[in-house]
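Please look over the sequence and the fold shown below before reading on.

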Amino acid sequence: MPKMIRIFLRKSKKAYTLIELMCVIAILMVTASMGVICIRNYNNIKNQVEVKAFSNGILTFISNARYYCKGEKIEGEIFVNPNLNSLVFYKNQVKGEIVDKLDSPKTFKLKAIQLPHGGIDIGEDGMINERGFSIIYYDRNNKLHKITVSVGDWSMRIEE
């Protein structure tokens, strides 16, 4: 082998070319953008799942309170506690003993029960004494959600 070729082969490469660096940066940027999109989609799906679970939890909470009052033959009332960010079910209608509590997810904000006195009255027979009401809350994206209950036909509707 000629002397010139041997010298060329023995020299080690000491730096990267501009093309190599640009290729590596492009690969890293594509990977990072895919990661950001996946995280954003994960957060949206997580929010949707929590909204459905919490809405169904509210409906179950109301039904359980009704059955409790009917079984124990006592009156009860459900209120929103803004300090605890939860629904609270009390024995007797004068905010007596707390029977049960439904906490909202940490990033959700319970707003109110749309009734004149702010609570859902439940009679000894397990029937709700109001004609209808709505429970309003905001999810982690500050989107308003409303659960409307019509007592006459006992239909419950979850509005987005």
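A residue is called buried when its relative accessible area is under 20%, exposed when that area is over 50%, and partly exposed in between, with a 1.4 Å probe and protein chains only. By this scale Lys 91 counts as partly exposed, because its relative accessibility is 23%.

The structure is a predicted model, in which local features need pLDDT of at least 70 and side-chain atom pairs count only at pLDDT 80 or more, while totals for chains, interfaces and linings use all residues. Residues are numbered from 1 along each chain as its sequence is written, and side-chain values use heavy atoms, with hydrogens and water left out.

**Salt bridges**

A salt bridge is taken here as a side-chain nitrogen of Lys or Arg within 4 Å of a carboxyl oxygen of Asp or Glu, and the structure holds three of them.

| Glu 50 | Arg 140 | 2.6 Å |

The salt bridge of Glu 50 with Arg 140 links distant parts of the chain, since Glu 50 belongs to helix α2 and Arg 140 to the loop between β6 and β7, 90 residues apart. Helices (H or I, at least four residues) and strands (E, at least two) are DSSP runs numbered from the N terminus. Arg 140 is partly exposed, with a relative accessible area of 28%; Asp 103, at 45%, is partly exposed, and Lys 101, at 38%, also counts as partly exposed.

**The sheet**

Strands of a sheet pair through backbone hydrogen bonds, either parallel or antiparallel. Two strands are treated as paired if DSSP finds at least two bridges between them. Here four strands form an open sheet in the order β3-β2-β1-β5, with antiparallel pairing. Because β3 (98-103) and β5 (119-122) stand at the edges with a single partner strand each, one side of each is left without a neighbour in the sheet. Strand β2 (residues 86-91) is joined to β3 by five bridges, the two running antiparallel, and Phe 89 has Asp 100 in β3 as its bridge partner.

**The nonpolar core**

In soluble globular proteins, nonpolar side chains tend to be buried together. A nonpolar core is a set of buried Ala, Val, Leu, Ile, Met, Phe, Trp, Tyr and Cys residues joined through side-chain atoms within 4.5 Å. Which members of the largest nonpolar core touch the most other members? Among its 26 residues, these are Ile 58, Ile 78, Leu 87, Ile 120, Phe 133 and Ile 135. The elements giving two or more residues to this core are α2, β1, β2, β4 (109-113), β5, β6 and β7, and the largest share, eight residues, comes from α2. Leaving aside residues up to four places away in sequence, the contacts of Ile 135 (heavy atoms within 4.5 Å) include Ile 58, Leu 87, Leu 110, Ile 120 and Ile 147.

**Two positive phi angles**

Most residues other than glycine have a negative phi. Lys 73, however, has a positive phi near 55 degrees; Lys 73 is placed in the loop between α2 (18-72) and β1 (76-81), and counts as exposed at 61% relative accessibility. Asn 142, which is not a glycine either, has a positive phi of about 60 degrees. Asn 142 lies in the loop between β6 (132-138) and β7 (144-150) and is exposed, with a relative accessible area of 63%.
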